[in-house]
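Trainee: I am new to this structure. Please take me through it by question and answer.

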Amino acid sequence: MRACYLQFLLLLALLSCNATKFGFSFDLRDSKVRCIEEERQALLQFKQLLVDHYHWLSSWSNDEDCCKWEGIKCSNKTGHVVMLDLRSDYYLRYPEPATKYLEGEISSSLLRLQYLIHLDLSYNNFSGKPFPDFIGSLTRLQYLNLSSTNIAGAIPQQFGNLSRLISLDLRWNYDLTEAHNLDWLIHLSSLTYLDMSWVNLSRVVNWPNKVMMLPSLTHLSLRDCSLSTLTTPPQLLSINANSLSQLLFLDLSYNYDLVKADNLDWLIHLSALTHLDMSWVNLSRIVNWPNKVMVLPSLTHLSLSGCSLSTLTTRQLLSINANFSSQLLFLDLSYNYDLVKADNLDWLIHLSALTHLDMSRVNLSQVVNWPNKVMMLPFLTHLSLRGCSLSTLTTPQLLSINASTPSQLLFLDLSHNYFTCSIFHWLFNSTTSLIDLYLSSIKWLHECSIPDAFGSLNSLQTLNLAGNQLVGGIPRSFWNLCSLDSLYLHNNRLSGNLYKFMSNASGCLVGSLREFSVWNNRFTGPLPESIGNLSNLETLEVDNNSLTGVIHEAHFSNLIKLKVLYLGLNSLILRFSDDWVPPFQLDVISLSSCRLGLAFPKWLQSQKNYQVLDISNAGISDTIPTWFWDFPPRLSSLSMYNNQLHGNLPDLSSSRFDEVVVVDLSANLFDGSIPHFLLNVLSLDLSSNRFSGPISFLCELNTPMLLESLNLSNNTLSGELPDCWMYIRDLVVLNLANNNFYGKIPDSMGSLVSIQFLHLSNNGLVGKIPMSLKKCSELITIDLGANNLSGTIPPWIGDSFSNLVILNLRSNQLYGSFPLSLCHLSYIQILDISLNKIEGTIPECISNLSAMSRTMDTISSAIYAYNASRSYIDYAFLVWKGREFVFKNTLGLVKIIDLSINKLHGEIPEGITNLTELVALNLSRNNLSGLITPKIGLLRNLQCLDLSRNQLYGEIPMSISNLSFLSQLDLSTNNLSGKIPTGTQIQSLDASAFLGNPKLCGSPLPNKCTDDLHPTYLNPRGDKNQNGQENNDDRFITKGFYVAATLGFIGGFWGVCFMSVLNIRYIMKRLTSNARMMLHVAATLCMLTF
């Protein structure tokens, strides 16, 4: 016993010595040493510049010993502060709300902590504040972590003073740059851990010699640093091999511009390397890369995902020495699309120790019998072959796996391939140990049902069968999966009543299921109350089905862990008592299109943590209570559109949010002026309400905003447009249409260099289109219609907006000619300059509008903004078939030219018929003349054609009858002549389409053409019988001719009758004689014939 006691004392002594080495010790006795007063004051000054929303530093007070404060450790010997650890739990707890999170500024008062050894401020938010230069004077620092703090600017040169530094972590500071070529690194000879991932190092020259010469470095991570100077000779090969022998971990991934890496010979110096990640580095020029990377004797982890590798041949991989490759445990070759030569996987035999293999998005369509190649690896636990074009999976191949060597697989992902229902049979025969199984979006599983045999996979924790068009119901055998944590069955065609599945909610699944996702299926009936028995449930997604019935409090009584609730797009009624307090705190509340009652739901007052709230189209008709506007700080999306919410909105500029926010309050009855909104709103939609007054809130803050989308359309807003658009430079969508704004378009709108959708139509704007808009080169839509704008159409529109799809200048006071530069708009699909005073001719180059001749893509039928942080879909009010309609989801299919009600003259250019995908063409109410081109029938998709009220003449071309989709035609009030062409579409139109053309005839007009009154007969040869006369002789057949012919016929007819009565006997005698003669002749002919 005494010997043990002596050993214990010796151990304490050793621990004390080691701790003293680091400058501090931890005593088992209560130390009487208190913190140094100067350092205590320094910490209090540091706290003054911090914003502590969660009262994390509440222990930092004047009365306490600072050594006992949160995050502080002192030396028990000297009392000096040696550790300041204020690492936030923001990301550690996500999506749970943070309890430790600071904002503000790093005070230079920390400079007085000269004995500081450990400084960690990671995962807090210092909002773009400059890098604290004074840290370079804390010369005793051994550990420094400022990762993910949003500090900005250049790393100070004084960092070279931190010669004792062992670990430096600056990652995830996207606005941090290196301006001193990393020269300060040479002084950090003790550094073993360096992570500068996501720090901009693009200006660093010869970085390999700067970072890899550190003699003690074992961990180096330079992920996504914009490195672009990695050349093998002479930089990397000139490195002393001895200086690199310690490096164990190397991450150079996501440096896309390392294009000069034409070989990997420099890896030979990294003989101790165990972890190498060069994912998403362009290695397309590497020759024989397998022998370069896999011969590293200690390598266990290799990731070359997305490297554009294209030389993977069996010869290369089979040449690898098995002794070297046998150490590899982790191999990721995913997203190398061009590995088309991987026609077999025999090289895997050398990787017998492999536990993790990911070849997702590699083309393995030519691989024969791949299951026996990958699943015979004895230690393989993780296999991902997602999107590999596998389609040769046949039952004989799969069942040939030796059952005596069952697979050890724990993770399997075969999603996005081409398997039939046989995949299920193979699965149940090959492995029973699976924990995570992903079989989503498989192309040939439609009409398959989910087998009951899934109930035999007892270890299953995650099952993803989403997006497969599976039919049938959910097997009840799932209730036997006692470990099942996540069940994803969304985006299928599963049907039936969820009550049948939930009625068996007595198996062990009740206590294990955490995520249940069946959205976008065909389930009917009510949501059973037994859903409340799933006590571990955190995510419930049943939206977009055909569920009906009433949701009561009983449905949620036991769901105390529920975080995500999607019930929307069903016909559900939520009926709760006024005093109901839910047992959960939700992160996502999505109840769109559910009936919540007329009153604003009071139970929402108990929810303090939600990030997403969607109660749109919920039948609410109420004012919003005051308590609602005290939003949770983690709110990121608020949708309450299409209700009857009314009243005024409060000032929200003081609201605090951790994230950027999307707010949609459109289609309600809100009124009054628009208040100040918070600065970090990303998207704000207040359209279709009753707001009035100016929109001065945009300017009053005089502070840059994060707005990407602002929609205030369809209100009664008024006043001049504000001239402060330079504060919203990130704006992508601006819609102020259908209001009462007046005055000129401000020049500062030219500051919107990112804008893509600009809608200012139906206001009272005047003046010219400002030239400053020329700088908005990303524009896709320009909608300035229904204003009083004047001047000419700026020619720079055609030259500056190469992406323009919609140009609407309708109903203004624009004059001048049609700019030839508009013909440069190769993406234009809607061109509307109608109701102006445009003169001149329609240019022949209009045929260059090539988007109107390209085949419609029905897959992408909407028009989206690009390069934005979220998806925005454009919409437009268009005159269609004489009425105004809103187009949104099909806007990309609409291709229209409307030049009507102008002063255009000349002929319609024949080249316009090259625009074969046009669906509407309106050239009406101009002074156009000439013939309608015979090629008009080439516009095969035309549905609306209006050429009325011009001076067109000649016949209507016969080819117009080929327009089989034509449903509206107006050729009225011209000088057209001749017969209207026949055709199903033409004759079904109203006669008004042809009125005002006196020389037109034929259906559907009441006046018939001459040919209709006197049809032309055909002789047996098909020739017209005109008695040797030409058509031109018809001019001699007058009205008198027809009268005389009629009288002559009557007189002759009665004369013949009278003579016949007088001579009846004579006539009968002659007829009898003639009949006998004819019979005699006929008999004679018959005898001669036979």
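Mentor: A term to begin with: contact means heavy atoms within 4.5 Å. This is a predicted model, in which local features need pLDDT of at least 70 and side-chain atom pairs count only at pLDDT 80 or more, while totals for chains, interfaces and linings use all residues. Residues are numbered from 1 along each chain as its sequence is written, and side-chain values use heavy atoms, with hydrogens and water left out.

Trainee: Which residues does Asn 609 touch, not counting residues up to four places away in sequence?

Mentor: Asn 609 sits in the loop between strand S29 (588–590) and strand S30 (612–614). Helices (H or I, at least four residues) and strands (E, at least two) are DSSP runs, numbered from the N terminus. Leaving out residues up to four places away in sequence, Asn 609 touches Pro 97, Gln 585, Leu 586, Asp 587, Pro 632 and Arg 634.

Trainee: Is Asn 609 buried or exposed?

Mentor: Buried means under 20% relative accessible area, exposed over 50%, and partly exposed in between (1.4 Å probe, protein chains only). The relative accessible area of Asn 609 is 19%, so Asn 609 is buried.

Trainee: What percentage of the residues of the protein chain count as buried?

Mentor: The protein chain has 20 helices and 59 strands. Of its 1090 residues, the share that count as buried is 51%.

Trainee: How many residues of helix H12 are buried?

Mentor: Helix H12 covers residues 422–430 and is mostly covered. Its buried residues are Ser 422, Ile 423, Phe 424, Trp 426, Leu 427, Phe 428 and Ser 430. Among the residues that Phe 454 touches are Phe 424, Leu 427 and Phe 428. The buried count in H12 is 7 of its 9 residues.

Trainee: How many bridges join S38 to strand S40?

Mentor: Two strands pair if DSSP finds at least two bridges between them. Strand S36 (residues 690–693) pairs with strand S38 (residues 716–720) in the parallel sense over 2 bridges, and Gly 693 stands opposite Leu 717 in S38. S38 also runs parallel to strand S40 (residues 740–744), where Asn 740 stands opposite Ser 718. The number of bridges joining S38 to S40 is 3.

Trainee: Where is Ser 441?

Mentor: Most residues other than glycine have a negative phi, and most peptide bonds are trans. Ser 441, a residue other than glycine, has a positive phi near 50 degrees. Ser 441 is partly exposed, with a relative accessible area of 22%. Its place is the loop between strand S19 (436–438) and strand S20 (462–464).

Trainee: What is the relative accessible area of Thr 973?

Mentor: Thr 973 is not a glycine, yet has a positive phi of about 55 degrees. Thr 973 lies in the loop between strand S57 (968–970) and strand S58 (975–979). Thr 973 is partly exposed, and its relative accessible area is 34%.

Trainee: Is the peptide bond from Ser 1003 to Pro 1004 cis or trans?

Mentor: Pro 1004 is in the loop between strand S59 (999–1001) and helix H18 (1010–1013). Omega is near 10 degrees for the bond from Ser 1003 to Pro 1004, and that peptide bond is cis.
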